[in-house]
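Student: I'd like to go through this one with you and ask where the labels come from. Can we take it piece by piece?

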Amino acid sequence: MDRTLTIGDLAARSGVAPSALRYYERIGLIRAGRTGGNQRRYDRTELRRVAFIRIAQQIGVPLDEIRQALDELPESRTPTKADWARLSQRWQARLDERIALLTRLRDDLTGCIGCGCLSLRSCTLYNPADQLAAAGPGPRILLDGG
Ligand code: FES
């Protein structure tokens, strides 16, 4: 069985548009071979890299950092489970922060979040005279976990 994929195959299976796949290749996130007619052919293992990129983006990892992480994967063999585990471990703390933020968002979005609007009755209790502005921009109660 031919294990390589065309760009259309990769797009269909990964859910990522061909234009984005070409961009990923251009900035070194994924690799493609070429046929004699100069058409891209991807090894099936690239699907895993694309999935990794998408998930990392969803947890807010910048593309530069994703590339650094992917650069640590071995070039000469298919990455193993241990390789992938090492890679995802480095983002454990970021994931924990993200989970905590989403939990606060779920629990606190209906109350004062310290955004400076002072539009809710509870704001005079939690953020009188917008004192939280001194802590920086954005919804301070939500971001600071307070
Ligand atoms: S919700 Fe905006 S300052 Fe309280």
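Tutor: The axes of helix 3 (residues 46-58) and helix 4 (residues 63-71) come within 10 Å and cross at roughly 140 degrees. Axes here are lines fitted to C-alpha atoms, for helices over the stretch in contact, with angles running from 0 to 180 degrees between N-to-C directions. Helices are DSSP runs of H or I, at least four residues, and strands are runs of E, at least two, numbered from the N terminus. Bear in mind that this is a predicted model: local features need pLDDT of at least 70 and side-chain atom pairs count only at pLDDT 80 or more, while totals for chains, interfaces and linings use all residues. Residues are numbered from 1 along each chain as its sequence is written, and side-chain values use heavy atoms, with hydrogens and water left out.

Student: Why are helix 3 and helix 4 called oblique to each other?

Tutor: Angles under 35 degrees count as roughly parallel, over 145 as roughly antiparallel, 65 to 115 as roughly perpendicular, and the rest as oblique. The angle is roughly 140 degrees, so helix 3 and helix 4 are oblique. Arg 49, Phe 52, Ile 53, Ala 56 and Gln 57 of helix 3 make the contact with Leu 63, Ile 66 and Leu 70 of helix 4; contact means heavy atoms within 4.5 Å.

Student: And what makes helix 1 oblique to helix 3?

Tutor: Helix 1 (residues 7-14) and helix 3 have axes that come within 10 Å and cross at roughly 45 degrees. That value makes the pair oblique. On the helix 1 side the contact involves Leu 10, Arg 13 and Ser 14, and on the helix 3 side Leu 47, Val 50 and Arg 54.

Student: Now single residues. Why does Glu 25 count as buried?

Tutor: Buried means under 20% relative accessible area, exposed over 50%, and partly exposed in between (1.4 Å probe, protein chains only). Glu 25 has 17% relative accessibility, so Glu 25 is buried. Glu 25 sits in helix 2 (residues 18-26). Leaving aside neighbours within four places in sequence, Glu 25 touches Ile 30, Ala 32, Arg 34, Arg 40 and Tyr 42.

Student: Why is Arg 34 called partly exposed?

Tutor: Its relative accessible area is 39%, so Arg 34 is partly exposed. Arg 34 is found in strand 2 (residues 33-34).

Student: How do you know that the side chains of Arg 34 and Glu 25 make a polar contact?

Tutor: A polar contact is a pair of N or O atoms within 3.5 Å; within protein, one must be able to donate a hydrogen and the other to accept it, and residues adjacent in sequence count only if both atoms are side-chain atoms. For Arg 34 and Glu 25 the value is 3.3 Å.

Student: What makes Asn 127 buried?

Tutor: Asn 127 has 1% relative accessibility, so Asn 127 counts as buried. Asn 127 lies in the loop between helix 7 (123-126) and helix 8 (140-144). A polar atom of the Asn 127 side chain is 3.0 Å from the backbone nitrogen of Gln 131. Beyond neighbours within four places in sequence, Asn 127 is in contact with Cys 112, Gly 114, Gly 116, Leu 118 and Leu 132.

Student: Last one: why is Thr 103 partly exposed?

Tutor: At 30% relative accessibility, Thr 103 counts as partly exposed. Thr 103 belongs to helix 6 (residues 92-108).
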